[in-house]
Structures are given as structure tokens and as C-alpha cells.
Amino acid sequence: MARAPLIAITGPARGAFGPRLLVALAVRLYGGRPLQVRPGDTPKRLTYQGVVVTGGHDVEPVLYAAEPEVEPNYDRARDALETEVIQDALDRGLPLLGICRGAQLLNVCRGGSLFQDLHSHRHKTSHRWTVLPLKTLCVERPATMIARLLGPGRHRINSLHNQAIDRLGEGLRVSGRDLDGIVQAIEDPRADFLLGVQWHPEFLIYLRRQRALFRALVGHARALA
């Protein structure tokens with residue numbers, strides 16, 4: 001029997017208890033062992049076979065060579081930690097799931113940039129933040145990882161973000177957008193499992209298709225355990 005893979009779950013030094021608990025629950029549900037990683041930890045001293053970068057603070061725009069356009073809500077210690085973890089996962093070919101901010105930071109680590117304020121980009125959807133699946137994901141291509149996991153067509157998702165992906169990072173492709181054309185899913189077709197989603201699947205784990213993201217992550221990590 002294969003050993004249960006260790007999944008690093010990154011986040012801030014304080015807070016975000018609910019999302020991290022739900023991610024850990026989803027990881028355990030599919031046979032993984034969650035490892036909470038915070039600023040102050042040294043990733044190089046840790047052993048893990050998969051990564052989930054959770055949502056939260058805005059990514060500091062200096063990381064993609066831009067000036068701040070909104071009131072700062074940054075966490076530099078977290079940016080540094082998660083950048084190191086993402087780069088480690090990229091270097092070692094580890095399965096990685098970026099959630100909301102995690103998807104944005106993955107894109108930045110690949111040389112991409114972000115929209116810092118989405119208000120002027122929303123025309124068909126509301127600005128309301130909600131953990132409920134009240135917004136629409138349009139899966140763009142059938143031959144993508146997100147299409148294989150969720151199915152093609154449209155799906156209901158939630159929305160807890162005010163920033164999103166602008167210029168796409170190297171090697172990444174868009175596999176899902178919302179009704180305003182805002183990027184909702186990115187992936188690297190050359191990787192076994194490298195996926196970023198703009199919504200929060202951990203708040204939707206009561207839906208089988210949303211749990212599929214965590215099942216696939218743990219499954220790919222198990223092969224490395």
C-alpha cells in the first residue's frame with residue numbers, strides 16, 4: 001500500500017483558520033496528510049509531495065514590477081514564503097493547487113501580472129463576495145485538466161477576490177473564465193498537475209466536482225510518496 005503523501009498547505013502566520021481547516025479536511029478525505037506551513041518555517045527543511053497555496057492577502061505589486069493602485073493589503077512575509085514554496089514545487093515537479101491568491105502568485109512566479117482592482121472589469125457579474133456558488137465558471141476548452149476534473153461547460157463557483165490574473169505567466173494557459181471574461185482557472189499543460197483556480201473550492205467541498213480538485217492533487221502526490 002502506497003504511503004500517504006504529505007501535502008503542504010501554506011497561509012499567513014495568523015488567521016485563516018477556516019479555509020486552512022477545510023483544505024486539510026479535503027486532503028485527509030482522499031488519503032493525504034496535511035502539513036500547515038507558515039511564515040517563519042523553512043520549506044527546504046520540510047518534506048512534502050504536494051502543495052496547496054491558499055487564498056488571502058493581495059500579492060504585493062512590486063513582485064510583478066507594478067505600482068500599487070489600491071489601498072495596501074499585503075503580507076510580505078507570506079509572499080516570500082509562498083514564492084519559495086511555489087518555486088520549490090516547480091523545480092521538483094510537485095503537484096500544486098493555487099487557490100485565489102495562490103493562483104495569482106503562481107502566475108506572478110511565472111512572470112505574469114495581475115489586475116489590482118476588478119471593479120472596472122465587471123459588467124455582467126456583481127462585486128459581491130460570497131462563499132456560496134452564485135457565480136459562473138465557463139470551462140473554455142474540453143482538453144484541459146479543469147475540464148477533466150469538473151466537466152466541460154458551465155459550473156457554479158463562489159467569489160472572494162478583488163484582484164485577478166492579467167498577463168499570463170510563461171507556460172500557463174487559461175482554462176476557465178467567468179461571464180465577464182475574467183480568468184478563473186490556469187494550468188500548465190506540460191506538468192502532471194499544476195493548477196490555479198480563482199474561486200475557493202474548499203468552501204464547496206460538499207460538491208463532488210469541487211472535491212475532485214483535491215482528489216487529483218493527492219492522487220498525483222501519492223505517486224511521489
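Q: Which residues is Ile 165 in contact with, leaving aside its neighbours within four places in sequence?
A: Ile 165 is in contact with Ala 103, Gln 104, Asn 107, Ser 113, Leu 114, Phe 115, Val 183, Ile 186 and Gln 198. Contact means heavy atoms within 4.5 Å.

Q: What sort of model is this, and what goes into the values?
A: This is a predicted model, where local features need pLDDT of at least 70 and side-chain atom pairs count only at pLDDT 80 or more, while totals for chains, interfaces and linings use all residues. Residues are numbered from 1 along each chain as its sequence is written, and side-chain values use heavy atoms, with hydrogens and water left out.

Q: Back to Ile 165. Which strand is it found in?
A: Ile 165 belongs to strand β8, residues 164-165. Strands (E, at least two residues) and helices (H or I, at least four) are DSSP runs, numbered from the N terminus.

Q: Is Ile 165 buried or exposed?
A: Ile 165 counts as buried because its relative accessibility is 4%. The cut-offs are under 20% relative accessible area for buried, over 50% for exposed and in between for partly exposed, with a 1.4 Å probe and protein chains only.

Q: How many residues apart in sequence are Ile 165 and Gln 116?
A: Ile 165 and Gln 116 are 49 residues apart in sequence, and their C-alpha atoms are 8.9 Å apart in space.

Q: Now α3. Why call it largely enclosed by the rest of the structure?
A: Because eight of the nine residues of helix α3 (residues 101-109) are buried.

Q: Which ones?
A: The buried residues in α3 are Arg 101, Gly 102, Ala 103, Gln 104, Leu 105, Leu 106, Asn 107 and Val 108.

Q: And what is the phi of Gly 111, the one that follows α3?
A: The phi of Gly 111 is positive, near 95 degrees.

Q: Which residue has a positive phi although it is not a glycine?
A: Cys 100 has one, at about 55 degrees. Cys 100 lies in the loop between β4 (96-99) and α3, and Cys 100 is buried because its relative accessible area is 4%. Ala 65 is also not a glycine and has a positive phi of about 55 degrees. Ala 65 sits in the loop between β3 and α2, and its relative accessible area of 77% makes it exposed.

Q: Where is Glu 60?
A: Glu 60 is in the loop between β3 (50-53) and α2 (76-92). Glu 60 has a relative accessible area of 12%, so it is buried. Leaving aside neighbours within four places in sequence, Glu 60 is in contact with Tyr 74, Arg 76 and Asp 79.

Q: And where does Gly 32 lie?
A: In the loop between α1 and β2 (33-37). Gly 32 is buried at a relative accessible area of 6%. Not counting residues up to four places away in sequence, Gly 32 touches Pro 5, Val 27 and Val 218.

Q: Different topic. What does the charged end of Arg 92 sit over?
A: Over the ring of Tyr 48, 5.3 Å from its centre. The rule is that NZ of Lys or CZ of Arg is within 6 Å of the ring centre and within 35 degrees of the ring normal.

Q: How many cavities of 30 Å³ or more?
A: The count is one, and the largest cavity has a volume of about 30 Å³. On a 1 Å grid over the protein atoms alone, a cavity is a set of points where a 1.4 Å probe fits but cannot get out, a pocket is an open set with protein on both sides within 12 Å along at least five of seven lines, and lining residues have an atom within 4 Å of a point. Grid points are joined across faces, edges and corners, and a volume is the space filled by probe spheres set on the points.

Q: Which strand gives the most to the lining of the largest cavity?
A: β7, with three residues. β6 (130-139) and β7 (153-159) each supply at least two residues of that lining. The lining includes Arg 122, Lys 135, Ile 157 and Asp 178.

Q: What is the volume of the largest pocket?
A: About 270 Å³. Of the 21 residues that line the largest pocket, Gly 55, Gly 56, His 57, Leu 160 and His 200 are the closest to its centre.
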